[in-house]
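Below is a short briefing on one structure, grouped by topic. Please keep the sequence and the 3D view open while reading.

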Amino acid sequence: MSLPRRIVRPAATIALGLLSAACTTSSTRMGSSTSPTPATASPARVDAASCFPIEQLPASERALAERVLLEFSDREGMYTLAGGLKPVSSDVRDLQLRIAPSLDTVKLAELERLRVVSRALHCGELGVFVQVFTATYPGRDSSIVRSASMVLYHRQSLRTAIARHAPFFARLGVTPSADPREVVGAVENAPQADRWRGYGYLFGYPDDAVDFFVQAGIDGERTKQIVPRDFRRVETFTKFPERQGGPLVNSSFVYAVPKGAAESAGDRALREAAAPLFTRYRTMRAQHIRPDSTGAVALWRAWYSRR
């Protein structure tokens, strides 16, 4: 698990966090000896044809909705869409809104557009919303900036994660029936170590990795040094370079573990649960996604209809 790419921005994407720091800050998957149990392979008791009803959107927004869904699908969000192996995914359509000394009305309009699109991106247990982060940070020319990102959740998987870690979430006032927006908001505004831990659980990282990341973060804050670590990666269609200008080789589903650590039971369970999902997605993507990046809605409707 790692701090988000948003630097000072609260961590909604604790997956690619500190990778910029000598390629050694990654997202820690907090996990017990086993990974969270995946939810159902597809939204239960839902007519697949009704999933992601982008037809209700104005024509000008449908293509954007398709692209947003594809971005989630090509990244770690696929594991949220494909049954909730990952309860929550984010870091899609990151947006920086200048709020002072003047308001960036163009970005504000873009934020509203993403909200409109997100209302059509739902299917059974799945939903999308726009998260605006609590922290602000300095922008160019002495401006003040606030960040936002789109969040994808699998409601039943999220309930399961909260129940598995009930003592922790109870301290934040979160119970299994809490609305996903409430859950993310409570984690976002928690004290720093609890925020790291909460995002780790929401993003589906193994518990031992979460434990490591939180302690490494505390130690790093104290010593101003990055605690040595290795990374575990789960396959995603989208790849990133290991270093600037390098080949695209690294997946976006990444978390940190202690340096030299052997694969844990949680690591192995996650890897084994993810592998067939990625294989299926890669095959179906080749069948459904068109050159203009549309086709994601058809892909997932087909996926859910083949349960």
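**Sheet, helices and core**

Thr 136 has Arg 146 of strand 3 as its bridge partner. The model is a predicted one, in which local features need pLDDT of at least 70, side-chain atom pairs count only at pLDDT 80 or more, and totals for chains, interfaces and linings use all residues. Residues are numbered from 1 along each chain as its sequence is written, and side-chain values use heavy atoms, with hydrogens and water left out.

**The sheet**

- Strand 2 and strand 3 (residues 144–154) run antiparallel and are joined by ten bridges; strands are DSSP runs of E with at least two residues, helices are runs of H or I with at least four, and both are numbered from the N terminus.
- The open sheet has three strands in the order 1-3-2, with antiparallel pairing; two strands pair if DSSP finds at least two bridges between them.
- Strand 1 (88–100) and strand 2 (126–138) are at the edges with a single partner strand each, so one side of each has no neighbour in the sheet.
- On average, neighbouring strands of this sheet are turned by 20 degrees against each other, direction ignored.

**Helices on the strands**

- Helix 3 (residues 105–118) packs on the sheet and touches strand 1, strand 2 and strand 3; contact means heavy atoms within 4.5 Å.
- The direction of helix 3 makes about 150 degrees with that of strand 1; angles run from 0 to 180 degrees between N-to-C directions, and axes are lines fitted to C-alpha atoms, for helices over the stretch in contact.
- Helix 6 (residues 180–188) lies across strand 2 and strand 3, at about 25 degrees to strand 2.

**Helix 1 and helix 10**

- The axes of helix 1 (residues 59–74) and helix 10 (residues 296–305) come within 8 Å and cross at roughly 60 degrees.
- Helix 1 contributes Glu 66, Leu 69, Leu 70 and Ser 73 to the contact, and helix 10 contributes Ala 296, Val 297 and Trp 300.

**Nonpolar core**

- The largest nonpolar core has 76 residues, of which Phe 52, Tyr 79, Leu 81, Leu 121, Trp 300, Trp 303 and Tyr 304 touch the most other members.
- Such a core is a set of buried Ala, Val, Leu, Ile, Met, Phe, Trp, Tyr and Cys residues joined through side-chain atoms within 4.5 Å; buried means under 20% relative accessible area, exposed over 50%, and partly exposed in between (1.4 Å probe, protein chains only).
- Helix 10 gives the most to this core, with seven residues.
- Leaving out residues up to four places away in sequence, Leu 81 touches residues including Phe 52, Leu 69, Trp 300 and Tyr 304.
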